[in-house]
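Student: I've just opened this one and would like to talk it through; can you start me off?

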Amino acid sequence: MNRTGIVRTATVAGVTAALGLAAAAPALAAPPVTTAADLNGDGELETVTVRQTGDDQLISATVDGTSTSIRLPLDSQFGLEALRVADLNGDGRAELIVTRSVGANTTFFSALHFDGRTLSPVVGPDDQPFSFAEGGGVAAHLGYTCNPFERGRAFAVVASENDDVSRPTGQFTYSGTRTAYTLRDGALSVQESTPITARPVNDPLLAVDAAGCA
């Protein structure tokens, strides 16, 4: 049994329940948004387009003359968000970070990779599309970054909750997990999982920076 995966899933689920999603009026259909990314690691940038199609977002690109696309759910209350470009394992081939839903202080993401033919979701150790979050407001501290690992990178995800929101802000501590993953062929494997217990927000275990994966 993958207890690390269970802990991560339970923590993110608990944070989601604690935060809730912000209520907002549905957004009007937005114009397409384009992003440049080197999907196949050849040094040339491909144009990636995301457009709204009903309640979904269609993400498409053309790589070496071959078109590929994938349809994912869209948070219709907030409309399209620009894709983030990342290299989660340092192999020179970009992954795409896709906004899946937006809460009051928290954004939830999934990731896509290009396998040489198609765009497909990055999966976690449970072989399901991997979900992670950023933000958390007062109730949680969530985020991700990338750190050097061997000859590439490890993808680190922090999922933690505030131990006592009634404390003064300067005394907040957080508990949860920091999990480092390695990515190979579109699948994440746990490299290391570190418990976080009553740590202040400036503790290194809670350090996150999406720019570290750029």
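Tutor: Let me start with two cysteines: both cysteine 146 and cysteine 213 are buried, where buried means under 20% relative accessible area, exposed means over 50% and partly exposed is in between, using a 1.4 Å probe and protein chains only. Please keep in mind that this is a predicted model, in which local features need pLDDT of at least 70 and side-chain atom pairs count only at pLDDT 80 or more, while totals for chains, interfaces and linings use all residues. Residues are numbered from 1 along each chain as its sequence is written, and side-chain values use heavy atoms, with hydrogens and water left out.

Student: OK, what is cysteine 146 joined to by a disulfide?

Tutor: Its partner is cysteine 213, with an S to S distance of 2.1 Å, and a disulfide here is a pair of cysteine sulfur atoms within 2.5 Å. That rule gives a count of one disulfide. The two cysteines are 67 residues apart and link distant parts of the chain, with cysteine 146 in strand β10 (residues 140-149) and cysteine 213 in the segment after β13 (187-199). Helices (H or I, at least four residues) and strands (E, at least two) are DSSP runs numbered from the N terminus.

Student: And is that link right-handed or left-handed?

Tutor: The link of cysteine 146 and cysteine 213 is right-handed, with 100 degrees about the S-S bond.

Student: Which residues touch the most other members in the largest nonpolar core?

Tutor: That core has 18 residues, and Leu39, Val48, Ile59, Leu83, Leu96, Leu112 and Leu119 touch the most other members; a nonpolar core is a set of buried Ala, Val, Leu, Ile, Met, Phe, Trp, Tyr and Cys residues joined through side-chain atoms within 4.5 Å. The elements giving two or more residues to this core are β2 (46-53), β3 (56-63), β4 (66-73), β6 (95-102) and β7 (106-114), and β3 gives the most, with three residues. There is also a second, separate core of 16 residues, which includes Ala86, Phe130, Leu183 and Leu188.

Student: What does valine 48 touch, then?

Tutor: Leaving out residues up to four places away in sequence, valine 48 touches Val33, Thr34, Thr35, Ala37, Leu39, Ile59, Ser60, Ala61, Leu83 and Leu96. Threonine 35, which is found in strand β1 (residues 33-37), counts as buried because its relative accessibility is 13%. With that sequence exclusion again, threonine 35 touches Glu46, Thr47, Val48, Leu83 and Val85.

Student: Switching topic, how much space lies in the largest pocket?

Tutor: About 230 Å³ lies there, where a pocket is an open set of points on a 1 Å grid over the protein atoms alone, at which a 1.4 Å probe fits, with protein on both sides within 12 Å along at least five of seven lines; lining residues have an atom within 4 Å of a point. Grid points are joined across faces, edges and corners, and the volume is the space filled by probe spheres set on them. The lining has 13 residues, and Asn89, Arg151, Gly152, Arg153 and Leu183 lie nearest the pocket centre. β11 (152-162) and β12 (174-184) are the elements that give two or more residues to this lining, and β12 gives the most, with three.

Student: Where is proline 73 found?

Tutor: Proline 73 is found in strand β4, and it counts as partly exposed because its relative accessible area is 41%. Proline 73 and aspartate 55 are 18 residues apart in sequence and 6.4 Å apart in space, C-alpha to C-alpha.

Student: Last one: what is the phi of aspartate 64 near?

Tutor: It is near 50 degrees, a positive value in a residue other than glycine, whereas most residues other than glycine have a negative phi. Aspartate 64 is found in the loop between β3 and β4, and it counts as exposed because its relative accessibility is 64%. Alanine 198, in strand β13, has a positive phi of about 50 degrees although it is not a glycine, and it counts as partly exposed because its relative accessibility is 44%.

How values were computed:
Contact = heavy atoms within 4.5 Å.
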